[in-house]
Amino acid sequence: MMNNVLRRIVVHLCLTLMITGLIPLDYIVERLINSAQAAGETTKEYDLNYGGVAQAGYQGYYSAQATLQGDARPIADIQGISGMKIKQVELIRDNQPAGTLTTPIGYGSWWGPVDVNSLIIDVASEENDKTPTYFAWYRYSQSSPEKRWYANEGKPTDPKLCGSATKDEYNMPKVPGCSAIVTFNVSRTQPYKTVVGDTEISSTVVEVTGFSTPNVRKDIDVNGPEGTKGISEGTSGPNRIYNPRLKKNGDSTESFTIEYEQDFMAYPTSEPGPNPAIKNLAASGAKLMVYFGSFDFDIYGKTYKYPNRVRVTYEPEVNPKPNLGGISVVEKVCVPRGVSQSYSFSFTNDGTTDVTTPFKTEVRIDGSVIRTFNYSGLAVGAKKTESFSHTIYSDQSVTISIDKLPSETNHADNVMTFHVKPQATCEPGGGGGNPPPGPEVITGTLEVEKPTVKYGELNYTWLRNVTVSGGNSCSLATGTIIYSQSGHSKSYKLDKSGTFSSQFVASPYNGVSTGQVTVQYDITTTCGSKKTFGPGSFVVVSDPDNHPPEFEPSWFYSYYYNGYADKAQVVTVGEMVSLGPVTRPKIEALGDNGTPYDPDGDTIQYYWDFAGSSSSWIRWLGDEREGRGLYPYDTSFNGIRATELGTHTIMVTAFDGRGGTSGPKSVTLVVREENPDPIITLPPKVVEGRPYTPDISCANSQSPHRDRWIASCDWHGTKLPLYPTAGDYPIKLDVTDNTGLRSKEPAHAILNVLPDLPPDILLEQPNYGIRNKELSFRDLSKSPDGDPIKKHTITLAYDSNNNGSYDDETPLSMPLNAQGYFKYTATQVGKYRIRIYMEEATPMAKWAQKDFIFEIVNDAPEASFYIEGDNYKPPKIETKQISSADLLGAAWKSSSTYQMSEMKGYVYNQAENAIETPTPNYSQYRAVTGDDFKKIGKYWYCNNCVNP
């Protein structure tokens with residue numbers, strides 16, 4: 001006994017955890033599946049399409065049919081993944097395998113009908129209580145030869161005649177005084193529910209198998225015909241009811257026939273006073289007397305639950321190839337002879353890779369091409385649908401053929417042939433053998449009552465004269481009215497025909513705000529046809545004085561804490577998160593109204609569009625049947641476990657109840673693996689053969705989990721204290737967090753180690769000089785990569801014996817000033833050598849040495865001469881004009897025989913476009929001394945001018 005109690009406690013606890021989302025069932029199943037998958041495999045799920053034959057329900061599809069065959073079978077549309085092929089296909093019902101498919105195995109994608117098995121589920125509609133019935137007796141008039149009561153019992157041609165021996169004042173039978181079998185139609189008043197689980201099931205998917213024995217209810221108020229009313233009779237007394245039983249009305253699950261026997265030996269039971277169950281009719285002595293009944297009963301039935309999706313396991317294809325095929329044609333039931341008809345066909349690429357080369361399909365009638373379709377390629381799993389028209393006069397074969405590509409895995413399915421046998425007419429009764437019934441006819445109109453309504457105001461949509469007829473006794477099966485606005489829609493079941501209306505009010509709870517609203521009515525017939533009435537539209541307007549609310553949505557770590565929790569953008573799989581608006585207090589001093597905030601003080605409501613998200617996980621959170629079932633109009637949501645990797649975005653809109661809306665705004669959560677991220681930070685410069693700073697670092701590596709940190713870095717031996725030679729070095733890094741979890745993939749980087757360049761020796765010098773004239777030199781040598789210099793010498797040697805060698809000469813050391821200049825006055829004519837040596841203060845001690853030669857000559861002697869000669873034609877001299885501004889530019893240098901580079905001793909006169917000497921810097925009437933002028937280069941300036 002105790003063990004059973006413990007089992008119940010554990011079961012209830014687990015169910016509670018799964019219902020609240022703390023242990024999502026899909027999450028557990030997904031983890032079990034993933035743990036069993038081999039490396040490289042992937043699993044996806046696809047919904048089965050029952051085309052209205054079965055009805056979607058909790059973790060399955062429901063039908064009143066025990067088997068689905070032929071066109072009633074569901075369609076599986078398995079998408080392709082490039083480079084992968086189908087390894088296994090499981091039918092899924094109740095989130096568990098319910099069979100397998102073998103036909104798709106080996107293909108890249110697959111489409112087609114699926115054979116499915118059903119699970120029998122017992123259902124019941126219990127306590128259909130106070131179901132009213134009545135039985136009406138009419139008495140002939142006093143003047144009639146018939147002195148009795150009569151009742152038709154629902155059969156006007158076979159009336160029942162009775163009459164008691166007791167007479168009244170008209171000398172007529174006081175009461176019927178007999179018994180009769182009563183037959184009455186009764187309706188179901190309670191929904192069908194599963195016997196196990198108490199889940200509500202639509203009556204359209206129920207097969208009624210039996211009934212309980214109806215329970216007779218006494219003293220229930222019941223209304224009758226012609227304004228009569230009364231109290232139901234019981235199982236005893238003069239008007240007793242007995243032997244009640246229920247029968248089916250064909251395949252109906254809504255109305256049934258109840259039969260019972262009843263005695264009519266006294267007046268109908270009533271309260272004291274005039275009996276409302278008895279009515280005097282116009283003719284003398286004629287009366288209407290009604291006897292009432294009421295019953296409780298249960299209806300028993302079955303529904304058949306079918307799989308709702310397929311779970312497909314893909315494995316890598318070693319040699320991916322495309323495959324064009326899967327040709328399907330919508331064939332005509334009847335083709336009239338000599339009348340142009342439209343045909344459609346489709347095909348897919350069910351291989352494992354894209355078709356990237358052009359190809360074509362051809363339509364042939366008895367071998368002759370009548371239509372060609374060209375394509376540039378086709379992606380994995382993609383489908384093409386085409387149509388063509390043709391007039392057929394005699395029996396002909398139609399062939400659809402697709403080019404056979406060399407890379408295809410299978411050519412057998414590239415061709416499909418079907419035969420067409422035209423009929424003289426396709427009208428009923430025509431000479432076409434067994435022609436089909438007339439075409440299905442669907443009629444109706446949609447009207448919107450008001451073109452403009454205020455937010456919160458009621459509007460009507462009228463559907464008028466909706467009818468379905470023709471075909472194979474076609475009728476309306478389902479109807480849905482859909483209101484849409486800006487990509488958001490709200491649907492309501494409205495399985496009606498004839499003329500009827502739908503009421504609609506824009507409110508936060510249906511997600512419709514101000515702006516245009518479109519409305520349409522979609523129906524499906526019992527013959528499978530679909531039709532849309534509309535769309536119509538109307539505009540919802542708001543109060544012009546109203547202001548929309550302000551808010552900021554966010555994901556949060558852990559629990560919501562009324563919007564004060566830490567905002568989350570990236571979390572690891574398995575972490576708990578929450579969702580809702582951010583709360584920030586109002587700060588009046590800063591003019592900050594805080595958030596959320598409504599300028600008019602209205603209550604703010606929210607709509608979270610779970611169903612419209614591109615993320616399957618977000619949609620699962622809002623799925624009431626197979627998911628978490630989060631209510632989209634709640635303000636916030638706690639206890640959400642991030643179970644699915646990827647980027648997940650949800651849109652949210654805020655409403656103030658008076659038409660003011662804000663949004664929709666998007667809020668995104670990235671769910672990723674919990675492995676830490678290795679991040680390599682390289683120094684800006686590394687030179688061969690020397691230490692570097694800053695170090696190659698893993699400091700920017702991080703764990704996506706906010707409560708973890710990087711504990712160690714593994715460089716795989718690629719990080720060195722110095723790199724001996726220049727070049728590109730691969731750097732590899734893995735990191736481990738404080739829990740011991742290692743990075744999933746290493747980080748890689750390329751370190752470019754620069755060569756250690758030797759010094760660059762440069763000297764600014766004159767090539768010639770005049771004996772006893774001072775020469776100026778400037779040492780411009782440097783380290784091109786900024787290295788420190790350990791040794792820097794400059795020596796000058798004179799080739800005194802003019803033997804071309806300076807090795808036998810004694811060199812002079814030449815000191816430099818702070819600007820790198822040194823001067824030298826040569827006293828001997830001949831050649832001189834300046835040698836510059838530099839050595840870097842680095843581990844590799846790169847050095848360079850270079851010699852520079854100049855020559856000293858005497859001043860040129862003076863001589864006089866004259867020239868005589870004959871007249872001759874002068875040569876043609878080409879001239880080029882150089883502007884004064886160009887002469888003063890950087891391209892033109894000024895030098896002298898003893899100075900390589902000198903300042904220019906002239907300035908530019910812009911007014912005259914000419915060069916002139918600078919104006920002396922002294923005033924008129926000012927006396928000067930002999931020391932006041934100095935000659936520098938070619939211009940003069942006043943150093944100290946003495947006032948007169």
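Reply: Two strands pair if DSSP finds at least two bridges between them. Helices (H or I, at least four residues) and strands (E, at least two) are themselves DSSP runs, numbered from the N terminus. Before the case itself, some conventions: this is a predicted model, in which local features need pLDDT of at least 70 and side-chain atom pairs count only at pLDDT 80 or more, while totals for chains, interfaces and linings use all residues. Residues are numbered from 1 along each chain as its sequence is written, and side-chain values use heavy atoms, with hydrogens and water left out.

Me: How many helices and strands does the protein have, and which order do the strands of the open sheet of five follow?

Reply: The protein has four helices and 61 strands. Strands of a sheet pair through backbone hydrogen bonds, either parallel or antiparallel. In the open sheet of five strands the order is β51-β57-β56-β53-β54, and the pairing is mixed. The edges are held by β51 (768-770) and β54 (812-813); each has a single partner strand, so one side of each is left without a neighbour in the sheet. Inside this order, β53 (residues 789-798) and β56 (residues 830-840) pair in the antiparallel sense over nine bridges. H792 stands opposite M838 in β56.

Me: What share of the residues in the protein is buried?

Reply: Burial is read from relative accessible area: buried means under 20%, exposed over 50%, and partly exposed in between (1.4 Å probe, protein chains only). Buried residues make up 38% of the 948 residues in the protein. Contact means heavy atoms within 4.5 Å. Not counting residues up to four places away in sequence, Q341 touches K332, V335, P336, F388, S389 and H390.

Me: Which residues have the most contacts inside the largest nonpolar core?

Reply: A nonpolar core is a set of buried Ala, Val, Leu, Ile, Met, Phe, Trp, Tyr and Cys residues joined through side-chain atoms within 4.5 Å. The largest one has 31 residues, and those with the most contacts inside it are F135, W137, V186, Y192, F256, I258 and F264. Two or more residues of this core come from each of β8 (119-139), β9 (149-151), β11, β18 (241-248), β19 (255-264) and β21 (287-306). Leaving aside neighbours within four places in sequence, the contacts of Y192 include V123, I201, F256 and I299. Another core lies apart from the largest one; this core has 26 residues, among them F610, L630, V652 and V671.

Me: How many disulfides does a search of the whole structure find?

Reply: A disulfide is a pair of cysteine sulfur atoms within 2.5 Å. The search finds three. In one of them, the sulfur atoms of C162 and C178 are 2.0 Å apart. C162 lies in strand β10 (residues 160-162) and C178 in strand β11 (residues 178-187), 16 residues apart. Both cysteines, C162 and C178, are buried. The torsion about their S-S bond is about 100°, so this disulfide is right-handed.

Me: What is the handedness of the disulfide of C474 and C527?

Reply: The torsion about the S-S bond of C474 and C527 is about -100°, so that disulfide is left-handed. C474 lies in the loop between β32 (458-469) and β33 (476-485) and C527 in the loop between β36 (515-525) and β37 (530-541), so the pair ties together parts that are 53 residues apart in sequence. C474 counts as buried at 6% relative accessibility, whereas C527, at 35%, counts as partly exposed. C698 and C713 also form a disulfide, with sulfur atoms 2.0 Å apart; with 85° about the S-S bond, this link is right-handed.

Me: How many salt bridges does the structure hold?

Reply: A salt bridge is a side-chain nitrogen of Lys or Arg within 4 Å of a carboxyl oxygen of Asp or Glu. The structure holds 36 of them. One joins the side chains of E254 and R188 (2.8 Å, N to O). E254 lies in the loop between β18 and β19 and R188 in the loop between β11 and β12 (192-194), so the pair ties together parts that are 66 residues apart in sequence. In another, the closest N and O atoms of E259 and K247 are 3.3 Å apart. R245, K247, E259 and E261 are linked in a network of salt bridges.
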